[in-house]
Amino acid sequence: IVKGTAYELPYIPIRQNGTEVDDFVKYFHIPEITREDVNRCPSGLVYLHIHRATGLPIKDCITGSSDPFCRVKLNGEKLFKTQIVYSNLDPVFDYFEDFFVRNLLESDVTLELMDYDSVVK
């Protein structure tokens, strides 16, 4: 589980075609907003890209694999989940979602990587 505010999370570079992307606005196709726009809005918009996971542990002894998905919570409440990638220890989710938060600096976003069979049973 990766948990923390944006200031506590490690820097993870975004790569596109093997090179690190330094202009996130162009990468995520984020429209430009001004400081005035930010000041008028007491909340914030979070753009989240869940790309992939690697080296997951085996959770299904019969198949020797896992059926992972990622669940995202905001301040302890479930927001959404990714699709399930069946029988894969290195899943590529490539999942994009955006959501509003009331206070960008004090909101707690939690990503939980789960195994479908473990949750259902």
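Which residue takes a positive phi in the hairpin of β5 and β6? In this predicted model, that residue is Asn75, whose phi is near 50°. Two residues lie between the strands of this hairpin.

**Strand β5 and its partners**

- Strand β5 covers residues 68–74 and is mostly covered, with six of its seven residues buried.
- On one pairing, β5 joins strand β6 (residues 77–81) in the antiparallel sense over four bridges. Within this pairing, Leu74 stands opposite Glu77 in β6.
- Strand β5 also pairs with strand β8 (residues 109–115), again in the antiparallel sense, over seven bridges. Here Leu111 in β8 is the bridge partner of Val72.
- As a general point, side chains in a regular strand alternate between the two faces of the sheet.

**Aromatic pairs**

- The count of aromatic pairs comes to three.
- Phe80 and Phe99 form a tilted pair, because their ring centres are 6.0 Å apart and their planes meet at 55°, an angle between the cut-offs of 30 degrees for stacked and 60 for edge-to-face. This pair links distant parts of the chain, since Phe80 belongs to strand β6 and Phe99 to strand β7 (residues 92–101), 19 residues apart.
- Phe80 has 11% relative accessibility and therefore counts as buried; Phe99, with a relative accessible area of 8%, is buried too.
- Tyr86 and Tyr116 make an edge-to-face pair, with 6.3 Å from centre to centre and 75° between the planes. Tyr86 lies in the loop between β6 and β7, while Tyr116 lies in helix α3 (residues 116–120), so the pair ties together parts that are 30 residues apart in sequence.
- Tyr86 is exposed, with a relative accessible area of 52%, whereas Tyr116 counts as partly exposed at 30% relative accessibility.
- One aromatic cluster is formed by Phe80, Tyr95 and Phe99.

**Cysteines**

- In general, a disulfide is a covalent bond between the sulfur atoms of two cysteines. A search of the whole structure finds zero disulfides.
- Cys61 counts as exposed because its relative accessibility is 75%. Cys70, in contrast, has a relative accessible area of 5% and is therefore buried.

**A nonpolar surface patch**

- Leu45, Tyr47 and Phe100 make a nonpolar surface patch of about 300 Å².
- Tyr47 lies in strand β4, which spans residues 44–52. With 35% relative accessibility, Tyr47 counts as partly exposed.

Notes: Residues are numbered from 1 along each chain as its sequence is written. This is a predicted model: local features need pLDDT of at least 70, side-chain atom pairs count only at pLDDT 80 or more; totals for chains, interfaces and linings use all residues. Side-chain values use heavy atoms; hydrogens and water are left out. Patches are made of residues with over 30% relative accessible area and no salt bridge: like charges are joined within 9 Å, nonpolar side chains (Val, Leu, Ile, Met, Phe, Trp, Tyr) within 5 Å. Accessible areas come from the Shrake-Rupley method with a 1.4 Å probe; for residues, only the protein chains shown count as cover. A salt bridge is a side-chain nitrogen of Lys or Arg within 4 Å of a carboxyl oxygen of Asp or Glu. Buried means under 20% relative accessible area, exposed over 50%, partly exposed in between (1.4 Å probe, protein chains only). Two strands pair if DSSP finds at least two bridges between them. A disulfide is a pair of cysteine sulfur atoms within 2.5 Å. Rings of Phe, Tyr and Trp (its six-membered ring) pair if their centres lie within 6.5 Å; planes under 30 degrees apart count as stacked, over 60 as edge-to-face and the rest as tilted.
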